Amino acid sequence: MKFVDLSWYEKEQPCYRLIETPLPFRTEFNEGRLISGQMEPGVVFLPEKEFDMKLMTVLNMPIEEPEPDLAFLGEGVALPERTPWAAGHMSMLFGSADNLFDNHECSHPILQLGFDRERTGFNLWNIHTLFASPRLSVYSEKYPYVGVLIDKLYSERKFILGHVGMYVPPEDARKINAYAREHSLEEAFLERGFPRVLLAGMMLSNVRDLVNYLGLEVSVDSLFRALDDIYHTRSGVIHFDELSRVLGERVGGDLERVFEKWIGVRHDQYFKVADMNSYFYPDDKVYGPGWIEIEAKVMNCGKEGGFVYMDMSEKGEKKYYSCYVEPGKAKAFYMARRVERAYDLYGNFNSGMSINRPVDFEFVHGERSKPAGLAETPGRWVDTDIAAFLPAPNVTVVDDTDEGFSFDDRANQTILQKWFGVSREEVFGLVGRQELRYWTPVIRNNYEGDSLRRAYFKSFGKGDCSATWTARLKEKGKYRVMVKTNLEKISYGEMGLDYSDFTLAYTIKHGDQEEKIDFNMGEGVENRTIDDWMVLGEFDFPAGEVSVILSDKDERGRKDIVIMADAVKWVRM
């Protein structure tokens, strides 16, 4: 695919024209036409005065025409999926205009001092017109942004159907989910100044939800086959009402009604999971052949209904099984497969556009005897009881997100920090590459929690800093105290750690009594439960307030080792 093959190319004048208009880049008059892709093919709107990119750098590059990577969307239809970063006008202009914040500095002599990367982002609605001549454009007076959404629905089917993943930086994902809790996609389109890079991620995630909503009424495969046919046999401009009518005649359902409901949806829902297990039953060899059995339960604990899905890989082919869960309701997933190897079937659970952080949950690889009569069962969701999500009457849990959790690292704070506080920005995944002097929140999908799965990390110290979990027990009696904790070596995670070489200093308090416990991590790890709880000991407690305190003390002062403070559980025997 080259410029000369596209409909907008003028052989008599083979050059770029840069025209400065008297109107702002985004105006009320042209807002809908820009977003819906209704501008003339070959016309690209750059930021006003081009101060967000070094345009002369682009224009001074030698002319070359690298071939874009194509995504084939049916017979005869191909759209650029990504463009190589080769030298030349084509790739340099693409990189500068489509991804404005990537390695392009502000060229304005004054504004560059306060260059705000947050206001730059992806140019959603026009840059791709340089690389493709769209056969069909969809427009609507009521929904001026419908064109770009239908284009995403059609062109991003591999992501929508779960065949490929989409990486969204964790910080962007957090902002998108926080915004989506109180705002719809329609409000995001209409909000002035909403960061375009966030709009891009929110739009693509929401389009997957649109397909899920349509899937409640029609066959998704039939829907995409009908879209293929429409895109192949029609050209020009089509009104959204007409597109809805044609699709309704071919596959059933009411696209316009579903679209109207979907575009205004807010995502104020979060999910709890239970019994998320994966079992492998080998015939004789450890890694197969054999049987794999997968089961999980999920409950919607939020205020809005929402979609969840199992993101599975079966012999290298990605599939996802979606399910709509009403508030206060629970669903169960089950699948059984005969496989040649243990790793032929794997995946995780994803809570979609919910406010869960993170949104994905991992299976626990359990062990049990192979059930009698095990048979091939395709993945399916069914209604289930909420009993699995109700708290056990003999169990009390305090997580780091609960009011009963607190920490103290004032001994390591400066005078200014004691006055104004310590910045504790949440970290996704890794704990970093340097000593953690203060308790630092880290988010991972295997930590304790409901809508937020988080734990606090801190480097070993002198014992001046601590984390405390406080609960109020309703009944006196003997309790087993269990903790969720861990150790990590900075930069290397758990690799290379000899747990038996580490002892954690705990204190159990109730009333006027307290008991010091030196907890050997080697014994704790060896005997921990399948979901990572470790037994601290069994104690007689009266009814009332009890506390568990974890100190940062390490006799050898190993500051390259961080300790984790996650949750504590009291189980009445």
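1. Helices (H or I, at least four residues) and strands (E, at least two) are DSSP runs, numbered from the N terminus. By this rule the secondary structure of the chain comes to 13 helices and 27 strands. The model is a predicted one, in which local features need pLDDT of at least 70 and side-chain atom pairs count only at pLDDT 80 or more, while totals for chains, interfaces and linings use all residues. Residues are numbered from 1 along each chain as its sequence is written, and side-chain values use heavy atoms, with hydrogens and water left out.

2. On the chain as a whole, buried residues make up 48% of the 573 residues. Buried means under 20% relative accessible area, exposed over 50%, and partly exposed in between (1.4 Å probe, protein chains only). A contact means heavy atoms within 4.5 Å. Among the contacts with a separation of 6 or more, 73% are accounted for by residues 24 or more positions apart.

3. Asp275 deserves a check of its backbone. This residue lies in strand E5 (residues 271-282), and its phi is near 50°, a positive value in a residue other than glycine. Asp275 is partly exposed, with a relative accessible area of 39%.

4. Strand E5 belongs to an open sheet of five strands, in the order E12-E5-E6-E9-E13, with mixed pairing. The edge strands are E12 (364-365) and E13 (377-384), each of which pairs on one side only. Two strands are taken to pair if DSSP finds at least two bridges between them. E5 and strand E6 (residues 290-300) run antiparallel and are joined by ten bridges; within this pairing, Tyr281 has Trp291 of E6 as its bridge partner, and Val273 has Val298. E5 and E12, in contrast, pair in the parallel sense over two bridges, where the partner of Ser278 is His365 in E12.

5. Another open sheet of five strands has the order E16-E17-E18-E26-E21, and its pairing is mixed. Its edge strands are E16 (427-428) and E21 (487-489), each pairing on one side only. Strand E18 (residues 454-459) and strand E26 (residues 561-565) pair in the antiparallel sense over four bridges. Lys458 has Ile563 in E26 as its bridge partner.

6. Why is strand E19 described as largely enclosed by the rest of the structure? Six of the eight residues of E19 (residues 466-473) are buried, so the strand is largely enclosed. Strand E15 (residues 405-408) pairs with E19 in the antiparallel sense over four bridges, with Ser406 opposite Thr468 in E19. E19 also pairs with strand E25 (residues 544-551), again antiparallel, over eight bridges. In that pairing Thr470 stands opposite Ser547 in E25.

7. Helix H4 (residues 146-155) has eight of its ten residues buried, so it is largely enclosed by the rest of the structure. The buried residues of H4 are Val146, Gly147, Val148, Leu149, Ile150, Leu153, Tyr154 and Ser155.

8. A nonpolar core is a set of buried Ala, Val, Leu, Ile, Met, Phe, Trp, Tyr and Cys residues joined through side-chain atoms within 4.5 Å. The largest such core has 52 residues, and those with the most contacts inside it are Leu149, Leu153, Leu185, Phe240 and Phe259. Helix H8 (residues 196-215) gives the most to this core, with eleven residues. A second, separate core of 36 residues includes Ala467, Phe502, Leu504 and Ile561.

9. Leaving aside residues up to four places away in sequence, Phe240 touches Val138, Tyr139, Ser140, Tyr143, Val146, Ile150, Leu255, Glu256 and Phe259.

10. A cavity is a set of points, on a 1 Å grid over the protein atoms alone, where a 1.4 Å probe fits but cannot get out; lining residues have an atom within 4 Å of a point. Grid points are joined across faces, edges and corners, and a volume is the space filled by probe spheres set on the points. There are two cavities of 30 Å³ or more, and the largest cavity holds about 60 Å³. Its lining consists of Leu214, Glu217, Val218, Leu223, Leu247, Val251, Gly252, Gly253, Asp254 and Leu255.

11. The bond from Arg357 to Pro358 is cis, with omega near -15°. Pro358 is placed in the loop between strand E10 (345-350) and strand E11 (360-362).

Notes:
1 Å grid on protein atoms, 1.4 Å probe; cavity = no way out; pocket = protein on both sides within 12 Å on 5 of 7 lines; lining within 4 Å.
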